[in-house]
Structure formats: C-alpha cells, structure tokens
Amino acid sequence: MFRIFSGKSRSNTPATARNASGSGQGRTISYDPSLINALKSDHHELIGIFQRIWSEGYERQDFRKVAELLKAFKSTFQAHLIKENVSFYVYLEQSLDNDSHTLQIVKDFRSDMNDIANAVVQFCKRYSRDVFTGDMLMDFKRDYEKIGEALTRRVSLEERELYTLYHAS
C-alpha cells in the first residue's frame, strides 16, 4: 500500500532551511481559535456520512448509493486531513519545538493518522462500485466495521487528548 503522506513533517527540516527560500522567510502557522471547532464539525459530518453508507446503501443493497456516499466520505475525509495536517499539526510542531517528549507524541499521532488514512482510501476505492461481487458483499461488512472502529477510536482520542494541546502560544 502507498502512504498518503511521507510521514516527514516540515519540522524535520532545520528552521534555517525552511525559512531561507526568499519571500517565505519567517512564515509560521498562526493560532486559529476556530480550528478545533471546525475539526470537530468535520468529525461529526464524517460520522454521519459513514453511518449513511451502511443504512442508506449497504442495508438496502443499493451499491450505487454506497459508491456515491463513499465518494463523499473520501473527499470530506481528505479535506479534513489537509486541514489537520496544514493547520493543526504544523502549528503544534512549531509550538512544541522545545518540548521533545510531547512533540514526539504528536508526531506519533500524526503517523498513526496517516496509516488510518491509507486504510480509509483503500476501503473507499475497493467498494466504490455500482455492483458488488459475492466476495465483496461478504468482505464489506468486516471491512466497514474495522474502518468504523479505527475512526471511532481516533476521533475519541483526538477530541479527548490531542486537541487539548492546541492553544495560543
């Protein structure tokens, strides 16, 4: 499987190299007081779409609906990841530059999210079909439950633990 992100963050590059590129000198990600609420809103929307994949698509054996909802789920999920990677993680990595222990925890969270993202994208690609084969029909329930468990665990961890680290520095 391919990785959506390389796992390397901008903080792995020395600040002098990051800032030595002309007009971008000194640029940083600023604190956004509305970011956490926006990320939580994304979570709510993603959970809603994910539940609809099951109730409006799979349970009714409407595989066109499954494909349509998977497309919406995937694009919403990827938009959330971009927002989280650019605005949230980069800001935390900047603000935790002097706290190597917490910074490593944040990097581990980010790496874990990239692994989940890869699984979600593969799931969406596999089942975005108007017709399911017998094997796909049997596998869908198991794969859907695995993805659902991973997302539920992740959303809970982010909202309960990780997002508490985000504050104006």
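Me: What makes Arg153 partly exposed?

Reply: Arg153 has a relative accessible area of 40%, and because buried means under 20% relative accessible area and exposed over 50%, with partly exposed in between (1.4 Å probe, protein chains only), Arg153 is classed as partly exposed. The model is a predicted one, in which local features need pLDDT of at least 70 and side-chain atom pairs count only at pLDDT 80 or more, whereas totals for chains, interfaces and linings use all residues. Residues are numbered from 1 along each chain as its sequence is written, and side-chain values use heavy atoms, with hydrogens and water left out.

Me: Why is the contact of Arg153 and Asp112 called a salt bridge?

Reply: The term requires a side-chain nitrogen of Lys or Arg within 4 Å of a carboxyl oxygen of Asp or Glu, and the side chains of Arg153 and Asp112 meet at 3.7 Å, N to O, so the pair qualifies as a salt bridge. Asp112 is partly exposed, with a relative accessible area of 27%.

Me: How do you know that Asp42 is buried?

Reply: The relative accessible area of Asp42 is 10%, which falls under the 20% limit, and therefore Asp42 counts as buried. Asp42 forms a salt bridge with Lys83, the closest N and O atoms being 2.9 Å apart. Since Asp42 belongs to helix α2 and Lys83 to helix α3, this pair ties together parts that are 41 residues apart in sequence. Lys83, at 29% relative accessible area, is partly exposed.

Me: What makes Glu56 and Lys65 a salt bridge?

Reply: Their closest N and O atoms are 3.8 Å apart, and because the limit is 4 Å, the pair meets the criterion. Glu56 and Lys65 are also linked with Arg52 and Glu68 in a network of salt bridges, and the structure holds 14 salt bridges.

Me: What makes a set of residues a nonpolar core, and which members touch the most others?

Reply: A nonpolar core is a set of buried Ala, Val, Leu, Ile, Met, Phe, Trp, Tyr and Cys residues joined through side-chain atoms within 4.5 Å. The largest has 40 residues, of which Ile53, Phe73, Phe88, Phe123 and Phe140 touch the most other members. Helix α3 gives the most to this core, with eleven residues.

Technical notes: Helix = DSSP H or I, 4+ residues; strand = E, 2+ residues; numbered from the N terminus.
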